[in-house]
Amino acid sequence: SKSFGDTFSTSTATFTGTSATEYTPATLTITPTSATSLIIVDYTFQCTHDGDYMGLYYLTYNHSGISETSVEHDDQYGATRAFDRSSNTASNLGLSGKIILDPQTTNAVTVKHRFATTNSSHSTYVNNVESPTSNDPGKGVGTVILTEVAGSVITHTKGNNILGD
């Protein structure tokens with residue numbers, strides 16, 4: 001597990017998870033003891049997206065047997081999660097979730113957290129509630145936890161419309 005308070009921003013506009021900007025303080029590696037093990041990824045970030053459009057979050061993973069893979073919805077916008085609110089100002093929210101990975105390996109698995117925006121004129125921020133030049137820039141702390149679970153303990157089934165799980 002890892003906790004971090006490093007602030008981060010990106011104006012990368014992409015709908016491809018592996019092209020989004022990596023938030024390196026949150027990157028973790030775990031080596032499964034069995035190829036049938038599942039990896040549970042718990043994550044919490046304080047995220048902001050200024051202006052209209054949306055901020056995008058992508059969880060990606062890789063190991064020596066595969067290229068980097070993004071866990072995302074299969075629609076045209078992809079993303080593991082998107083964040084916005086229904087006004088044209090800014091979204092300030094906690095972004096948290098749990099993803100179960102089935103890497104089917106005993107090689108070291110690196111889990112990355114990547115962020116993007118749907119419009120390069122409107123940045124996405126992590127652990128910084130407003131733009132750094134704002135009069136009111138609150139900071140936050142994020143956490144990532146990787147847990148290995150024996151495949152015999154739980155059964156994981158990938159549902160509809162998911163890529164990379």
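D42 and K98 form a salt bridge in which the closest N and O atoms are 3.3 Å apart; the term denotes a side-chain nitrogen of Lys or Arg within 4 Å of a carboxyl oxygen of Asp or Glu. D42 belongs to strand β5 and K98 to strand β9, so this pair ties together parts that are 56 residues apart in sequence. Strands (E, at least two residues) are DSSP runs, numbered from the N terminus.

The model is a predicted one, in which local features need pLDDT of at least 70 and side-chain atom pairs count only at pLDDT 80 or more, while totals for chains, interfaces and linings use all residues. Residues are numbered from 1 along each chain as its sequence is written, and side-chain values use heavy atoms, with hydrogens and water left out.

**Salt bridges**

The structure holds three salt bridges. Side chains of opposite charge can pair when their charged atoms come close. The pairs are listed below.

| Pair | N to O distance |
|---|---|
| D42 and K98 | 3.3 Å |
| K112 and E22 | 3.9 Å |
| R114 and E68 | 2.9 Å |

K112 in strand β10 and E22 in strand β3 (residues 21-22) are 90 residues apart, and their pair links distant parts of the chain. R114 also lies in strand β10, whereas E68 lies in strand β7 (residues 66-73), so that pair ties together parts that are 46 residues apart in sequence.

Burial is judged by relative accessible area: under 20% is buried, over 50% exposed, and in between partly exposed (1.4 Å probe, protein chains only). K112 has 16% relative accessibility and therefore counts as buried; R114, at 9%, counts as buried too. D42 is partly exposed at 22%, E22 is partly exposed at 22%, and E68 is partly exposed at 22%. K98, with a relative accessible area of 55%, is exposed.

**Nonpolar cores**

In soluble globular proteins, nonpolar side chains tend to be buried together. A nonpolar core is here a set of buried Ala, Val, Leu, Ile, Met, Phe, Trp, Tyr and Cys residues joined through side-chain atoms within 4.5 Å. The largest such core has 25 residues, and F45, L59, L101, F115 and V144 have the most contacts inside it. Two or more residues each come from β4 (28-30), β5 (38-50), β6 (55-63), β9 (90-101), β10 (109-117) and β12 (142-149). β5 gives the most, with five residues. A second, separate core of five residues includes L56, Y58, A79 and A116.

Contact means heavy atoms within 4.5 Å. Leaving aside residues up to four places away in sequence, L59 touches residues including V41, Y43, V71, I99, L101 and V111, as well as K112.

**Aromatic pairs**

Rings of Phe, Tyr and Trp (its six-membered ring) pair if their centres lie within 6.5 Å; planes under 30 degrees apart count as stacked, over 60 as edge-to-face and the rest as tilted. By this rule the count comes to 11 aromatic pairs. In one of them, the rings of F45 and F115 have centres 5.3 Å apart and planes at 85 degrees, so the pair is edge-to-face. F45 in strand β5 and F115 in strand β10 are 70 residues apart, and the pair links distant parts of the chain. Both F45 and F115 are buried. Ring pairs also join F4, F8, Y23, Y43, F45, Y57 and F115 into a cluster.

**T110**

T110 is a residue of strand β10. Its side chain makes a polar contact with the side chain of T29 at 3.1 Å.

Note on methods: Helices (H or I, at least four residues) and strands (E, at least two) are DSSP runs, numbered from the N terminus. A polar contact is a pair of N or O atoms within 3.5 Å; within protein, one must be able to donate a hydrogen and the other to accept it, and residues adjacent in sequence count only if both atoms are side-chain atoms.
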